[in-house]
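User: Could you walk me through the structure shown here?

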Amino acid sequence: QGCELDGDNDGVVDALDRCPATPAGRKVNAQGCELDGDNDGVVDALDRCPATPTGDKVDATGCTLPASIPLKGIYFDNNSAKLKPAAKAALKHDAEILKRYPEFRVQVAGHADGRMSDAYNLALSRQRAQSVCDFLVQLGVEVARLVPKAYGEAKPIAANDSEKGRAQNRRVELRMQH
């Protein structure tokens with residue numbers, strides 16, 4: 001017919017088409033590339049949140065990533081890095097959240113109360129962080145996303161002068177990182 005070819009049938013001839021393999025039926029701009037109305041890097045056809053504010057970090061579906069995600073605290077018995085049944089249940093919940101947001105890395109911060117030496121508490125908090133990491137990996141969270149960090153007794157959230165306070169300090173906290 002003498003007409004220029006449009007291999008992907010998007011209405012832009014191949015000679016001018018910057019995106020020559022656009023899926024059929026998708027809306028394109030003058031260069032033949034799919035539209036991204038909110039400029040978040042996710043094309044409109046795949047964007048579940050088409051009005052993302054400018055500058056927001058988004059997930060694969062175009063929705064704003066939360067600045068932080070509250071995850072449940074994990075507590076330990078004195079002188080132990082063994083996960084309690086309640087901790088395992090909380091981590092199952094946390095693992096589901098982590099799988100929903102694969103863009104996040106997680107600092108797994110281990111803590112101890114102040115009863116033993118600094119060196120002992122640092123080692124124990126490292127073991128606690130590692131036991132949480134190991135369990136999250138068993139639940140399907142990629143090991144590369146987990147960053148274990150030991151704080152020992154350096155960051156208490158309660159006074160160490162009562163059993164209640166010490167119990168609160170024997171913990172692992174999960175902190176989301178972009």
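User: Is Asn 9 buried or exposed?
Analyst: Asn 9 counts as exposed because its relative accessibility is 66%; buried means under 20% relative accessible area, exposed over 50%, and partly exposed in between, with a 1.4 Å probe and protein chains only. The model is predicted: local features need pLDDT of at least 70, side-chain atom pairs count only at pLDDT 80 or more, and totals for chains, interfaces and linings use all residues. Residues are numbered from 1 along each chain as its sequence is written, and side-chain values use heavy atoms, with hydrogens and water left out.

User: What is the phi of Asn 9?
Analyst: The phi of Asn 9 is near 55°, a positive value in a residue other than glycine. Most residues other than glycine have a negative phi.

User: And what about the phi of Asn 39?
Analyst: The phi of Asn 39 is near 55° and positive. Asn 39 counts as exposed because its relative accessibility is 68%.

User: Where does Asn 39 lie?
Analyst: Asn 39 lies in the segment before S1. Strands (E, at least two residues) and helices (H or I, at least four) are DSSP runs, numbered from the N terminus.

User: Turning to the sheet, what order do its strands have?
Analyst: The open sheet of four strands has the order S1-S4-S2-S3, with mixed pairing; two strands pair if DSSP finds at least two bridges between them. The edge strands, S1 and S3 (146-150), each pair on one side only.

User: In which sense do S1 and S4 pair?
Analyst: S1 and S4 (residues 171-177) pair in the antiparallel sense, over two bridges. The bridge partner of Tyr 75 in S4 is Arg 171.
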